[in-house]
Amino acid sequence: MGKKSLPERRPDVEVWAGGGVVWRTVGDVVELLLVHRDHREDWSFPKGKLDPGETLIECAVREVEEETGLRCETGERLAIVEYRDGRGRDKAVVYWLMVVVGGRFEPNDEVDACGWFDLASARTVLTYDRDRDLVDEVESRIASSTIAP
């Protein structure tokens with residue numbers, strides 16, 4: 001019998017999702033890719049709900065590509081972000097650090113714009129505190145040399 005997945009270990013969570021904190025360096029500056037969802041009027045990291053039979057990492061890669069048009073390679077897994085969604089359900093999103101390996105953004109039904117922001121600007125632009133916490137985690141990992149450009 002194999003190791004249980006997070007959703008199997010946490011049946012209390014009603015909605016599982018995967019997402020990506022897509023990053024790059026420009027000179028010495030770390031930049032993060034944020035998406036704008038016009039229908040929600042928010043700026044956040046690309047993410048989406050887990051499909052049946054899909055792993056969380058597969059979901060994260062798929063959702064980032066669907067929302068941004070960018071194909072990405074995954075790196076380290078970040079902390080699980082938990083909150084109540086707009087329908088009052090317990091939701092958990094598992095994010096991975098990602099780097100772009102190809103593709104290009106085209107506005108779509110879910111995301112009308114995306115942009116690269118340095119860490120300070122990302123904190124200002126992001127709509128949700130839980131996303132700002134992810135910026136703090138990424139910055140901490142970079143400062144401790146856990147990840148490198």
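The buried residues of helix α4 are Asp131, Leu134, Val135, Glu137, Val138 and Arg141, where buried denotes under 20% relative accessible area and exposed over 50%, with partly exposed in between (1.4 Å probe, protein chains only). Because they cover an arc of only 160 degrees around the axis, they lie on the same side of α4; the arc is that of the directions from the helix axis to the C-beta atoms. On the other side of α4, Asp129 and Ala143 are exposed. The buried residues of α4 pack against β1, β2, β3, β5, β6 and α3 (119-125), contact being heavy atoms within 4.5 Å.

This is a predicted model, in which local features need pLDDT of at least 70 and side-chain atom pairs count only at pLDDT 80 or more, while totals for chains, interfaces and linings use all residues. Residues are numbered from 1 along each chain as its sequence is written, and side-chain values use heavy atoms, leaving out hydrogens and water.

Helices (H or I, at least four residues) and strands (E, at least two) are DSSP runs numbered from the N terminus. In helix α2 (residues 56-68), the buried residues are Leu56, Cys59, Ala60, Glu63, Val64, Glu67 and Thr68. Just after α2, Gly69 takes a positive phi of about 80 degrees.

Most residues other than glycine have a negative phi. Glu41, however, has a positive phi, near 50 degrees. Glu41 is found in the loop between β2 (29-37) and β3 (42-44) and is exposed, with a relative accessible area of 66%.
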